[in-house]
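Colleague: I'd like to learn how to read the packing in a model like this one. Could you walk me through it?

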Amino acid sequence: MWEYDAGDGRCKHLWHNDHAGYVVEGRRRVYKCPKSLHSAKAEAALNKGHEYHDERGGDDHPSRIFAVIDGVVYRAMPTRPGISYHGFPERARELPPDEKLRTAILDLAEADGSRKEVEKWFKEND
């Protein structure tokens, strides 16, 4: 079981809206989580998510975990390697070019009941 680390004192991915989205800071998009997404729900999704090991290999823990919550794809990155992760909404064009990963995300969306939303997300965000 992985722990979800909400990132005490970190507000980069928080905002006042009750839907996922982004803001532009300089030339970067910073993706934001819905205000109603609480740690327990995030941790449950994290532990049902797709564990992704990057091409370097060798780690005994995933370099990223991808999850789907209410039709939104999230990427979680290690905060304490091997113990905890912090997640935020993902952008399709930032996914690794890995067809197995896309299939795994669509499988998660199917289980979440949001496959159509995630298929639309892939098309709109590529």
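Modeller: Gladly! Start with one term: a residue is called buried when its relative accessible area is under 20%. Keep in mind that this is a predicted model.

Colleague: Which residues of α2 are buried, then?

Modeller: In α2, the buried residues are Leu101, Ala104, Ile105, Leu106, Leu108 and Ala109.

Colleague: What span should the 14 residues of α2 have, and what do the end C-alpha atoms show?

Modeller: At 1.5 Å a residue, α2 should span 20 Å, and its end C-alpha atoms are 20 Å apart, so the two agree. Look at the ends too: at the start of α2, a side-chain oxygen of Asp98 comes within 2.9 Å of the backbone nitrogen of Lys100. Just after α2, Gly113 has a positive phi of about 80°.

Colleague: How do I read a nonpolar core?

Modeller: In soluble globular proteins, nonpolar side chains tend to be buried together. Here the largest nonpolar core has 14 residues, and Val68, Leu95, Ile105, Val118, Trp121 and Phe122 have the most contacts inside it. At least two residues each come from β5 (64-69), α2 (99-112) and α3 (115-125), with α2 giving the largest share, 5 residues. Apart from this core lies another, of 7 residues, including Trp2 and Ile65.

Colleague: Beyond its neighbours within four places in sequence, which residues is Phe122 in contact with?

Modeller: Phe122 touches Ala92, Leu95, Arg102, Ile105 and Leu106.

Colleague: And empty space?

Modeller: Rolling a probe the size of a water molecule over the atoms shows where empty space is left. The largest pocket holds about 390 Å³. It is lined by 23 residues, of which His19, Ala20, Gly21, Val72 and Pro89 are the closest to its centre.

Conventions
Residues numbered from 1 in each chain as written. Predicted model: local features only at pLDDT ≥ 70, side-chain atom pairs only at ≥ 80, totals over all residues. Heavy atoms only, no water. Core = buried A, V, L, I, M, F, W, Y, C linked by side-chain atoms within 4.5 Å. Buried < 20%, exposed > 50% of the residue type's maximum accessible area, 1.4 Å probe, protein only. Helix = DSSP H or I, 4+ residues; strand = E, 2+ residues; numbered from the N terminus. Contact = heavy atoms within 4.5 Å. Expected span 1.5 Å × (residues − 1). Polar contact = N/O pair within 3.5 Å; in protein donor to acceptor, adjacent residues only side chain to side chain. 1 Å grid on protein atoms, 1.4 Å probe; cavity = no way out; pocket = protein on both sides within 12 Å on 5 of 7 lines; lining within 4 Å. Points joined across faces, edges and corners; volume = space filled by probe spheres on them.
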